[in-house]
Amino acid sequence: MTPKEYQKFCKKTAKKFNTKEKEIFTWGLGIAGEAGDVAGCIKKTFSHGDDQRAGLKENLGDTMWYIAMICDFFGWNLEDVMQENIEKLKKRHPKVFSKKAAKKDKRRDWNE
Ligand SMILES: [Mg+2]
């Protein structure tokens, strides 16, 4: 399955909203919830000795679904977002990961 096919499929399974505002609030809160579920599964697996890897895998998929829907909301192709990320990483780490390059890179903190 290509990213384009995945995004198209996700859209078919998404609820329709009366307002764009309600739609993006739902996707934004939804991805945060799924990311929390991912964190919880990792914590239970490694801190509590309760193997939650199946749940982790499922919740990673759920997180991807929200990524696809947020991209769709803004009219972005999931594949383009993936490609932009690859280009950013190639620029930052041309050959392999380096701590020095990661520290030197002056990035904007998008969470300001
Ligand atoms: Mg989930």
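Two residues are in contact if their C-beta atoms, placed from the backbone, lie within 7 Å. On that basis, among contacts in the protein chain between residues at least 6 apart in sequence, 58% join residues at least 24 apart. This is a predicted model: local features need pLDDT of at least 70, side-chain atom pairs count only at pLDDT 80 or more, and totals for chains, interfaces and linings use all residues. Residue numbers start from 1 along each chain as its sequence is written.

**Overall build**
- The protein chain has 5 helices and 0 strands; helices (H or I, at least four residues) and strands (E, at least two) are DSSP runs, numbered from the N terminus.
- The radius of gyration, taken over C-alpha atoms, is 17 Å for the protein chain, whereas a compact globule of 112 residues would have one near 13 Å; the globule rule is 2.2 Å times the number of residues to the power 0.38.
- Along the principal axes, the C-alpha atoms fill a box of roughly 45 × 40 × 35 Å.
- Of the 112 residues, 10% count as buried (20 or more other C-beta atoms within 10 Å of a residue's own; exposed is 12 or fewer, partly exposed in between).

**H2 against H3**
- Helix H2 (residues 20-47) packs on helix H3 (residues 53-73) at about 160°, with axes 9 Å apart; axes are lines fitted to C-alpha atoms over the stretch in contact, and angles run from 0 to 180 degrees between N-to-C directions.
- That angle makes H2 roughly antiparallel to H3 (over 145 degrees; under 35 is roughly parallel, 65 to 115 roughly perpendicular, the rest oblique).
- The contact includes Trp27, Ile31 and Val38 of H2, and Leu56, Leu60 and Met69 of H3.
- Its residues divide into 14 nonpolar, 5 polar and 5 charged (Ala, Val, Leu, Ile, Met, Phe, Trp, Tyr, Cys and Pro are nonpolar; Asp, Glu, Lys and Arg are charged; the others, Gly among them, are polar).

**H1 against H3**
- Helix H1 (residues 3-12) and H3 pack at about 90°, with axes 9 Å apart.
- That makes H1 roughly perpendicular to H3.
- Tyr6, Gln7, Cys10 and Lys11 in H1 meet Trp65, Ala68, Met69, Cys71 and Asp72 in H3.
- By class, this contact has 6 nonpolar, 1 polar and 2 charged residues.

**Met69**
- Met69 lies in helix H3.
- Met69 is buried, because 23 other C-beta atoms lie within 10 Å.
- Beyond residues up to four places away in sequence, Met69 touches Cys10, Ala14 and Trp27.
- Met69 and Cys10 are 59 residues apart along the chain, yet their C-alpha atoms are separated by 7.0 Å.
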